[in-house]
Amino acid sequence: MKKVLLLGDSIRLGYQPLVKERLRGEAEVTGPEENCRFAKHTLWGVNLWLKEIGTPDVIHWNNGLWDLHHEAPMVEALTALDEYIETLRRIINELHRTGAPIIFATTTPVTPDYVGRSNAEIDLYNTAAVQLMNRHGIEVNDLNALIKQNLRSHLCEDNLHMNEQGSAACAAQVASVIRQYL
């Protein structure tokens, strides 16, 4: 049975058990127990997690929400765009060593009234990340577009994380994209 590695932030933690259920009998779905947080944290931990989990056959990965955080009175995002893209590039280099196909998921949106991140900035970072993924031949799973279709019905009361419906929608799309590689 093929092994699927899910890497990412709390959005991934929300849909991971549902992806595991959807792919039961088709693949072993695994991922770090911890939140992979911002891109630098993922870069720091990726080889530790690979040693712990073993070599995957498929990798589905995201970063972004933590990188885009603005802790008041901070005006700029925690991670500047050029630093974010360079860190993603370095993560790609580490993941390529596994030989597994890589799928990158776009950063999910927030409600317009959310304080701490904006969809305009999320879109800017997603656009740059998608361009990077295209240059490296990495498939993009557009979870941002999926959640934007029903933004209010997919996000929980914190206006950032997925509710059950949002996690289920993400899981369905993640499992569908991964199935192409099984």
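Leaving aside its neighbours within four places in sequence, with which residues is Asn-63 in contact? In this predicted model, local features need pLDDT of at least 70 and side-chain atom pairs count only at pLDDT 80 or more, whereas totals for chains, interfaces and linings use all residues. Residues are numbered from 1 along each chain as its sequence is written, and side-chain values use heavy atoms, with hydrogens and water left out.

Asn-63 lies in the loop between strand S3 (58-61) and helix H3 (81-96); helices (H or I, at least four residues) and strands (E, at least two) are DSSP runs, numbered from the N terminus. Beyond its neighbours within four places in sequence, Asn-63 is in contact (heavy atoms within 4.5 Å) with Cys-36, Arg-37, Phe-38, Ala-39, Thr-42, Tyr-84, Leu-88, Ile-91, Phe-104 and Thr-107. Asn-63 counts as buried because its relative accessibility is 0%; buried means under 20% relative accessible area, exposed over 50%, and partly exposed in between (1.4 Å probe, protein chains only). The side chains of Asn-63 and Thr-42 are joined by a polar contact of 2.9 Å. A polar contact is a pair of N or O atoms within 3.5 Å; within protein, one must be able to donate a hydrogen and the other to accept it, and residues adjacent in sequence count only if both atoms are side-chain atoms.

S3 and S4 run parallel and are joined by three bridges, and Ile-59 has Ile-102 as its bridge partner in S4; strands pair if DSSP finds at least two bridges between them. The chain passes from S3 through H3 to S4 in a right-handed β-α-β crossover, which means that, with the strands pointing away from the viewer, the path from the first strand over the helix to the second runs clockwise. Three bridges also join S4 to the parallel strand S5 (residues 139-141), where Phe-104 stands opposite Val-140.

Arg-117 is placed in the loop between S4 (102-105) and helix H4 (119-135). With a relative accessible area of 10%, Arg-117 is buried. Its side chain makes polar contacts of 3.0 Å with that of Tyr-114 and 3.3 Å with that of His-69.
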